Amino acid sequence: MVDLLIRNASLPDGRQGVDIACKAGLIEAVEPGIAAEAGEVLDAEGQLVSPPFVDPHFHMDATLSLGRPRMNVSGTLLEGIGLWGELKAQQTVDEIIARALTYCDMAAAMGIGAIRTHVDICDPDLKGVQALLEVRDKIKNYISLQLVAFPQDGLYRYSDALDLTIRALDMGVDVVGGIPHFERTMEDGARSVRTLCELAAERGLMVDMHCDESDDPLSRHVETLTQETQRLGLGGRSAGSHLTSMHSMDNYYVSKLIDLMVEADLNVIPNPLINIMLQGRHDTYPKRRGQTRVRELRDAGLTVGFGSDCVKDPWYSLGRADMLDVASMGLHVGQLSSREDMAWCFEAITTNSARIMGLEGYGLQKGCRADMVLLQAADPIEAIRLRATRLAVVRAGRVIARTPACVAELALENRPAHVDPSRIEV
Ligand code: FE2
């Protein structure tokens with residue numbers, strides 16, 4: 001007797017006609033024709049079952065605050081930071097919790113099973129930290145939340161930011177963050193990276209820095225992050241988020257830099273939706289895309305995971321917790337159009353991001369956590385193409401969200417009565 005039996009699933013690795021049995025929160029078997037009694041049976045009808053989406057970069061303390069106290073008129077990162085500072089002074093812990101929980105309802109329904117969120121610690125009351133620690137606990141049965149202590153206004157630019165970072169970590173924040181390109185000088189930026197990496201190494205924590213989120217080709221803090229990752233033995237547990245300046249860097253310099261990043265085993269988290277919107281704002285034409293060098297970083301062997309970064313906040317007015325939308329934007333901006341490249345974009349929002357976050361028991365093998373999502377699509381490429389409907393979201397072997405299939409009724413002469421975009425034969 002198992003708790004849940006999913007029949008006739010296609011898997012991201014291409015297997016078809018597979019059954020998945022879930023028992024006591026874990027996957028008990030993944031094979032065709034499982035003959036077991038089940039508390040609940042879910043017929044996948046040949047559609048794709050994937051491990052949950054993983055968002056490795058988000059700002060949950062700011063989400064759903066769009067328009068408060070006003071809109072970002074210039075559309076730049078810097079106006080967004082200024083606007084966030086105005087909201088930060090006004091908002092309460094309860095307001096942050098309410099917005100975050102609303103976001104997580106949406107994220108759960110969209111099949112996101114884990115989120116790494118940065119939380120701004122540049123606040124003497126640490127309201128965001130208080131709020132998101134509570135949220136982490138409230139949502140633990142449906143989303144695994146990892147918190148990053150993020151000195152939004154600069155470790156050295158904002159007084160007491162180092163003390164506040166330490167306080168946040170003492171309160172239970174999981175990961176050490178930073179923002180070297182926002183410090184007053186290049187030297188301060190490099191110093192902030194060193195200090196924060198040492199703090200992480202002392203405490204055995206992971207690192208995830210907003211790094212070089214600019215179009216300035218001379219913003220090279222990723223070099224220091226790479227060096228510190230290697231020096232302190234943080235390989236595989238240290239990530240550079242955004243890395244947009246790499247788009248504009250000198251090609252010779254990048255050819256050396258990427259080798260160093262590989263030696264250090266630095267993880268990479270581009271945020272395609274946000275950076276295609278924010279970067280190049282000081283350009284006329286041609287306008288730079290601003291996405292880091294995804295193809296080259298991936299081909300060198302680095303783990304690259306796409307993050308969503310923002311949903312309806314001072315930096316980005318759109319978004320709906322749709323990691324397939326994130327993958328689609330990363331695919332387009334990076335011109336990742338071969339079949340292999342498109343399939344890899346699905347990995348960048350699932351397995352790669354799970355590896356970056358260090359999630360245990362992630363995957364669809366026997367013994368993994370029984371967390372998965374049934375999509376209205378035949379395979380990963382179709383899922384991205386269609387931003388496929390999440391027909392069912394499973395957590396610990398229980399269906400926690402369902403969305404009706406997207407099927408249109410047609411009233412056309414001599415044409416079918418229905419059209420299901422996932423079942424179109426070409
Ligand atoms: Fe960010």
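Is aspartate 309 buried or exposed, and what is its relative accessibility? At 3% relative accessibility, aspartate 309 counts as buried, where buried means under 20% relative accessible area, exposed means over 50%, and partly exposed lies in between, with a 1.4 Å probe and protein chains only. The legends below describe a predicted model, in which local features need pLDDT of at least 70 and side-chain atom pairs count only at pLDDT 80 or more, while totals for chains, interfaces and linings use all residues. Residues are numbered from 1 along each chain as its sequence is written, and side-chain values use heavy atoms, with hydrogens and water left out.

**View 1. The iron ion and its donors.** The iron ion is coordinated by His57 (NE2), His59 (NE2), His210 (NE2) and Asp309 (OD), at 2.1 to 2.4 Å; donors are N, O and S atoms within 2.8 Å of the metal (3.2 Å for Na, K and Ca), and sites may look incomplete, as water is not among the atoms. The angles that the four donor atoms subtend run from 85 to 174°, which makes the arrangement irregular. Four donors count as tetrahedral if all angles lie between 85 and 135 degrees; four count as square planar and six as octahedral if opposite donors are over 155 degrees apart and all others between 65 and 115, and anything else is irregular. Along the chain, the donors follow the spacing H-x1-H-x150-H-x98-D. Histidine 210 lies in strand S10 (residues 206-211) and aspartate 309 in the loop between helix H10 (294-299) and helix H11 (323-333), so this pair ties together parts that are 99 residues apart in sequence. Helices (H or I, at least four residues) and strands (E, at least two) are DSSP runs, numbered from the N terminus. Histidine 210 is buried, with a relative accessible area of 2%.

View 2. Valine 193 lies in helix H5 (residues 186-203) and is buried, with a relative accessible area of 0%. Leaving aside neighbours within four places in sequence, valine 193 is in contact with Pro180, Met209, Thr224, Leu225 and Glu228, where contact means heavy atoms within 4.5 Å. Lysine 88, in helix H1 (residues 77-90), also counts as buried, at 10% relative accessibility. With neighbours within four places again set aside, the contacts of lysine 88 are Asp120, Cys122, Lys127 and Asp153.

**View 3. Salt bridges within and between parts of the chain.** A salt bridge is a side-chain nitrogen of Lys or Arg within 4 Å of a carboxyl oxygen of Asp or Glu, and by this rule the count comes to 28. One of them joins the side chains of glutamate 45 and arginine 423 (3.9 Å, N to O). Glutamate 45 lies in the loop between strand S4 (38-43) and strand S5 (49-50), and arginine 423 in the segment after strand S17 (418-419), so the pair ties together parts that are 378 residues apart in sequence. Lysine 138 and glutamate 134 also meet in a salt bridge (3.7 Å, N to O); both lie in helix H3 (residues 127-138), four residues apart, about one turn of the helix. In helix H14 (residues 380-386), glutamate 382 and arginine 385 are three residues apart, about one turn of the helix, and their side chains form a salt bridge at 2.9 Å, N to O. Arg295, Arg298, Asp299 and Asp341 are linked in a network of salt bridges.

**View 4. Backbone features.** Most residues other than glycine have a negative phi, and most peptide bonds are trans. The peptide bond from arginine 68 to proline 69 is cis, with omega near -5°, and proline 69 lies in the loop between strand S6 (53-58) and H1. A cis peptide bond also joins tyrosine 285 and proline 286, with omega about 0°, and the place of proline 286 is in the loop between H9 and H10. Asparagine 8, in strand S1 (residues 2-9), has a positive phi of about 55° although it is not a glycine. Alanine 396, which is not a glycine either, has a positive phi of about 50° and is found in the loop between strand S14 (390-395) and strand S15 (398-402).
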